[in-house]
Each structure stands twice: as C-alpha cells, then as structure tokens.
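Take a look at the model below.

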Amino acid sequence: MKLRVLAVDNNPVLLKAISTMLSQEGCEVREAVTGIDALELLDHFVPDILFTDLIMPRVSGEQLCRVVRS
C-alpha cells in the first residue's frame, strides 16, 4: 500500500524537490502551493502524511495542521 502524502510549500523549487523525493520512495504525492489550496485538496484526498512549510501567506502551516487535526 502506498503512503498518501500531501506536500504544501509556497516555494516551487522546494515543493518539487520534496514531491520528487517522496514519489521516488513510492509515495502517492499531491502538491499544494498554499494552505488554501491544501484545504481544497483535503475535500477529496485524505493523506497519511502532511508535509508542510510552516511559514506561508494567508494560511500558515500551523493553521493548516490545526484544521486537519480537528
């Protein structure tokens, strides 16, 4: 069974690097550039792991984690 990962980072270079590395390890990876994009993805994709940048505009990684936990 593949681990499902949601990778969230507003830096496109880091996001691509993280996604590529996790995909090469056999994970099913979805990407979001903002916390708001991540919240929209969560409507139809339930990840096993959330890999997020903490400092992002509008919805921080910390706020995103709080929403996911609740």
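Which residue forms a salt bridge with R4, and how far apart are the closest N and O atoms? The partner is E28, and the closest N and O atoms are 3.8 Å apart. A salt bridge here is a side-chain nitrogen of Lys or Arg within 4 Å of a carboxyl oxygen of Asp or Glu. E28 lies in strand β2 and R4 in strand β1, so the pair ties together parts that are 24 residues apart in sequence.

This is a predicted model: local features need pLDDT of at least 70, side-chain atom pairs count only at pLDDT 80 or more, and totals for chains, interfaces and linings use all residues. Residues are numbered from 1 along each chain as its sequence is written, and side-chain values use heavy atoms, with hydrogens and water left out.

**Salt bridges**

The structure holds four salt bridges. Among them are these:

| Pair | N to O distance |
|---|---|
| E28 and R4 | 3.8 Å |
| K16 and E31 | 3.7 Å |
| R66 and E62 | 2.5 Å |

K16 sits in helix α1 and E31 in strand β2, 15 residues apart, and this pair links distant parts of the chain. R66 and E62 both belong to helix α3, four residues apart, about one turn of the helix. Salt bridges that share partners also join R4, E28 and R30 into one network. Helices (H or I, at least four residues) and strands (E, at least two) are DSSP runs, numbered from the N terminus.

**Helix α1**

Helix α1 covers residues 12–24. Its buried residues are L15, I18, S19 and L22. Seen down the axis of α1, they fall within an arc of 95°, so they line one face of the helix. The arc is that of the directions from the helix axis to the C-beta atoms. Buried means under 20% relative accessible area, exposed over 50%, and partly exposed in between (1.4 Å probe, protein chains only). The buried residues of α1 pack against β1, β2 and β3, with contact meaning heavy atoms within 4.5 Å. The face turned away from the buried side carries the exposed residues V13 and Q24.

**Loop and surface**

R58 lies in the loop between β3 and α3. Its phi is near 65°, a positive value in a residue other than glycine. Most residues other than glycine have a negative phi. R58 is exposed, with a relative accessible area of 73%.

I49 is found in strand β3. It is partly exposed, with a relative accessible area of 36%.

How values were computed:
The expected span of a helix is 1.5 Å times one less than its number of residues.
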